[in-house]
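This report is written for someone meeting the structure for the first time.

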Amino acid sequence: MNIFKKPMGLFLCGGGAFGSFQSGVLKKLCDAALEFDVLAGFSIGSLNGAAYCFDKVKELKDIWSRVDNNNIFKFSPSYHHMPIELYKIYYNGSLLSSLRYKLENKISRMTLFSNKPVYGILQNWLGKGEQIFLKKTRFHVISHCIEKKLPYISTYEGRTLSSNMNFIDALVASSSIPLIFPPVKIKEKDEIIHLVDGGTIGIATINLNIFDGCKTVIIISNSSEEDLNYSKKGFLGYFETKVRRMLAIHVRKIYESRVFIKSGPDVHFIYPEKLLEGGIIDFKAENCLKNFEYGEKLGDKFLKSYKKI
């Protein structure tokens, strides 16, 4: 028996390899037979969302236990002519800060890895042609449009057919972290636009009003409170620090936007209570499996606490 008010919505936040935590939580929600009428996600959250749509959540633990960086990252540097603009929260307006901001915008037009492995993984897992969802849900796949500086939402009503873009393209675009993976380019009204993962740019916050009509909304984040002040030295450490902090801020703003849902649902926010194992783009099976099992633990904790209310 469902202990939550229907209709139900589920929002799955991004977080790269930390999505293994989210997968663990999601598995427990599905084990409890929760059914979601509206689903939305960005970055790794969109991939976990696809697993829900095709009733493949039960496969996620095995996938995370075998995940391998070598199968995901294929070194293929490239430069993209796009007007990318990063969020200015860490820039104080000084000359040095302004120069650094301009430099980082330029650098963000470069990408280090090909997205072909990601395409291959998703096509093998979900299929290439049009598919019917095994779950009855409306799925919003969210990326970020560089030209418009706004979230770009592709909506799928029970199947992988959408008016604006191919389903696999939408998932890859949502996961295209600037500097890491190239943007997905599509044509819209005779204009070429570039779509990337908006979780690490954060200029325009995703608004939860897409869940209007729901009576319950569950948000699963992969960012802990400690990520807001995370700090690590070195070049890779600088990237990790910035992405973690930006994602944590972005997720917090998304949660705050719950006030714009006119139907006034009960909103539940599930997030790690400690720093997760490994790095945000380090898909190491050992760490991912630990995060998955930790997610299962917090998923159980959430369900038990709600039953006591």
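## Basis of the description

Helices (H or I, at least four residues) and strands (E, at least two) are taken as DSSP runs and numbered from the N terminus. The model is predicted, so that local features need pLDDT of at least 70 and side-chain atom pairs count only at pLDDT 80 or more, while totals for chains, interfaces and linings use all residues. Residues are numbered from 1 along each chain as its sequence is written, and side-chain values use heavy atoms, with hydrogens and water left out.

## Overall form

The secondary structure of the protein consists of nine helices and 10 strands. Its radius of gyration (taken over C-alpha atoms) is 18 Å, close to the 19 Å that the globule rule gives for 309 residues, so the protein is as compact as a globular protein of that length; the rule itself is 2.2 Å times the number of residues to the power 0.38. Along its principal axes, the C-alpha trace spans about 60 × 40 × 40 Å.

Taking contact to mean heavy atoms within 4.5 Å, one finds that 78% of the contacts between residues at least 6 apart in sequence join residues at least 24 apart. Of the 309 residues, 55% are buried, where buried means under 20% relative accessible area, exposed over 50%, and partly exposed in between (1.4 Å probe, protein chains only).

## The nonpolar interior

A nonpolar core is a set of buried Ala, Val, Leu, Ile, Met, Phe, Trp, Tyr and Cys residues joined through side-chain atoms within 4.5 Å. The largest such core holds 86 residues, of which Phe11, Leu29, Phe167, Leu171, Phe211 and Ile218 touch the most other members. Helix H9 (residues 285-307) gives the most to this core, with seven residues. Apart from it lies another core, of five residues, among them Met82, Ile84, Ile146 and Val196.

Leu29 shows how such a member is surrounded by residues from elsewhere in the sequence: leaving aside its neighbours within four places, Leu29 is in contact with Leu10, Leu34, Phe36, Ile218, Ile220, Phe302 and Leu303.

## Helix H2 and the residue after it

Helix H2 (residues 44-53) has 10 of its 10 residues buried, so it is largely enclosed by the rest of the structure. Among these buried residues are Ile44, Ser46, Leu47, Asn48 and Tyr52.

H2 is followed by Asp55, whose phi is positive, near 55°, although Asp55 is a residue other than glycine. Asp55 is found in the loop between H2 and helix H3 (60-66), and at 34% relative accessibility it counts as partly exposed.

## Ser175

Ser175 has its place in the loop between helix H7 (167-174) and strand E7 (184-188), and it is buried, with a relative accessible area of 13%. Beyond its neighbours within four places in sequence, Ser175 is in contact with Ser43, Ile44, Ser46, Leu47, Phe181 and Asp197, and of these Ile44, Ser46 and Leu47 are buried residues of H2. Ser175 and Gly16 are 159 residues apart in sequence and 8.1 Å apart in space, C-alpha to C-alpha.

## Backbone details

Lys189 is not a glycine, yet it has a positive phi of about 55°. Lys189 lies in the loop between E7 and strand E8 (191-196), and at 81% relative accessibility it counts as exposed.

A cis peptide bond, with omega about -5°, joins Lys6 and Pro7, and Pro7 is found in the segment before strand E1 (8-12).
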